[in-house]
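User: I would like to go through the helix packing here and then a few individual residues. Could you take me through it?

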Amino acid sequence: MAVILKVEGLEVEFSVRGQRLKAIRKASLDLYEKETLAIVGESGSGKSVLIKSLTGMLEENGEITKGSIKFEGMDLATLKKNSQWQGIRGKKIATVFQDPMTALNPMRRVGSQIEEAIQLHSGESRKSARKKAIELMEKVGIEGAASRFSQYPHEFSGGMRQRIVIAIALACQPKVLLCDEPTTALDVRVQAQILDLISGLQEELGLTVIYITHDLGVVASVADRVAIMYAGQIVEYGGVEDIFYRCAHPYTWALLSSLPQLAFGNEGIYAIGGTPPSLYHDIKGDAFAPRNPYALKIDFEEEPPFFKVGDGHYAKTWLMDPRAPKVKRPKALQNLHGRLKEIYP
């Protein structure tokens, strides 16, 4: 598969009350054409900041300080003005946001919001844009689209609002679709419908999709590859089966162990101890070391490189060094393949 987008050594910093917060630290990843990549991690791990960097949507106090984002012969990390992003954001790389009620303007009719996205990038007439907007509403599963075109967001259910947000994202036929926790605010039944919708549209339109999520159930059902983020870094990445069944980083072990469905008897749900490190200060060694029950002395002294676990599978942990002691994976991950098959058939 061809690489459609390449991130190398990306660093993002924010100015907060006179201090510098390094939200993304030396992050690198390749995104392959027509694949689904899931980026997973705790809240505050840098997932959403990484995604915002790809469309120039960082807050005003944030900036890319190092690294590159290569897309169609351009380095997106060098774009500083909204005018420079106009041919990229929405048109070639579009975003489906987490909360449709904040993504949609409550004072405007939903159809006009889709119509505006079409006109902004294509310059089509209002009549032509309206026709396409109705077609998009139908494509994302809005029944009676022509009559619902003039309704306001509050007249739609949560799932229907999210379908409108997806329609806006698809308005200009982008190549890459960024889904920032698109099912978080929805109930389980509607979540499944939205995931099925995005999957179907991906196949129909040849989209490349990135999901930002903390829900490993979503990952298991939609992803081709997975990147695990911790403290602003990607610490492990590989195929979805690599991450679920052959994961090598203790943080990935901890995330999987904390699945409620994997709790043993009356032992309770596993919780990762401690708290993530402050990103206001430089981190020495492995950022996860203070919370890692398998930490080695070197974890507190030197940042680990990426070690190859298998084809296309890499983990940033000293446990993969040939000199490291051999450790057993946590109890919850034993026979994980069989147990996950039961949970996510």
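User: Which residues of H4 are buried?
Analyst: In this predicted model, the buried residues of H4 are Val110, Gly111, Ser112, Gln113, Ile114, Glu115, Ala117, Ile118 and His121.

User: And what covers them?
Analyst: The cover over the buried residues of H4 includes helix H5 (126-139), helix H6 (145-148) and helix H7 (158-170).

User: What span should H4 have, and how far apart are its end C-alpha atoms?
Analyst: Helix H4 runs over residues 110-122, and its 13 residues should span 18 Å at 1.5 Å a residue. The end C-alpha atoms are 19 Å apart, which agrees with that expectation.

User: What happens just after H4?
Analyst: Gly123 follows, with a positive phi of about 70°.

User: Let us take the neighbours in turn. At what angle do H4 and H5 pack?
Analyst: The angle between H4 and H5 is about 115°, and their axes are 8 Å apart. H4 passes H5 in a right-handed crossing.

User: Which residues meet there?
Analyst: On the H4 side they are Val110, Gly111, Ile114, Glu115, Ile118 and Gln119. On the H5 side they are Arg126, Ala129, Arg130, Lys132, Ala133, Leu136 and Met137. Sorted by class, the contact of H4 with H5 has seven nonpolar, two polar and four charged residues.

User: Ala129 is on that list. Is it buried or exposed?
Analyst: Ala129, which lies in helix H5, counts as buried because its relative accessibility is 0%, and the cut-off for buried is under 20%.

User: What does Ala129 touch?
Analyst: Apart from neighbours within four places in sequence, Ala129 is in contact with Glu115, Ile118, Gln119 and Glu124. As for distances, the C-alpha atoms of Ala129 and Ile114 are separated by 8.4 Å, with the two residues 15 apart along the chain.

User: Now H4 and H7. How do their axes run?
Analyst: The axes of H4 and H7 come within 8 Å and cross at roughly 20°. That makes H4 roughly parallel to H7, because angles under 35 degrees count as roughly parallel. The crossing of H4 and H7 is right-handed.

User: Which residues make that contact?
Analyst: H4 contributes Val110, Gln113, Ile114 and Ala117, and H7 contributes Ile164, Ala167 and Ile168. The residues of this contact of H4 with H7 comprise six nonpolar, one polar and no charged.

User: How do H7 and H8 pack?
Analyst: H7 and helix H8 (residues 188-205) pack at an angle of about 20°, and their axes are 10 Å apart. H7 and H8 are therefore roughly parallel to each other. H7 passes H8 in a right-handed crossing.

User: What residues are involved?
Analyst: From H7 there are Gly159, Gln162, Arg163, Ile166 and Leu170. They meet Val190, Gln193, Ile194, Leu197, Ile198, Leu201 and Leu205 in H8. In terms of class, the contact of H7 with H8 has eight nonpolar, three polar and one charged residues.

User: Changing topic to backbone angles: what is the phi of Lys26?
Analyst: Lys26 is not a glycine, although its phi is positive, at about 50°. Lys26 is found in strand E2 (residues 19-32) and is partly exposed, with a relative accessible area of 47%.

User: And what about Glu72?
Analyst: Glu72, a residue other than glycine, has a positive phi near 50°. Its place is in the loop between strand E4 (62-71) and strand E5 (74-75). At 35% relative accessibility, Glu72 counts as partly exposed.

User: One last residue. Where is Pro325 found?
Analyst: Pro325 is in the loop between strand E12 (313-315) and helix H12 (336-343). Its relative accessible area is 47%, so Pro325 is partly exposed.

User: Which residues does Pro325 touch?
Analyst: Not counting residues up to four places away in sequence, Pro325 touches Leu296 and Leu319. Pro325 and Leu296 are 29 residues apart in sequence, and 9.0 Å apart in space from C-alpha to C-alpha.

Conventions: Residues are numbered from 1 along each chain as its sequence is written. This is a predicted model: local features need pLDDT of at least 70, side-chain atom pairs count only at pLDDT 80 or more; totals for chains, interfaces and linings use all residues. Side-chain values use heavy atoms; hydrogens and water are left out. Helices (H or I, at least four residues) and strands (E, at least two) are DSSP runs, numbered from the N terminus. The expected span of a helix is 1.5 Å times one less than its number of residues. Buried means under 20% relative accessible area, exposed over 50%, partly exposed in between (1.4 Å probe, protein chains only). Contact means heavy atoms within 4.5 Å. Axes are lines fitted to C-alpha atoms, for helices over the stretch in contact, and angles run from 0 to 180 degrees between N-to-C directions. Angles under 35 degrees count as roughly parallel, over 145 as roughly antiparallel, 65 to 115 as roughly perpendicular and the rest as oblique. A crossing is left-handed if the near helix is turned anticlockwise from the far one by less than a right angle, and right-handed if clockwise. Ala, Val, Leu, Ile, Met, Phe, Trp, Tyr, Cys and Pro count as nonpolar, Asp, Glu, Lys and Arg as charged, and the others, Gly among them, as polar.
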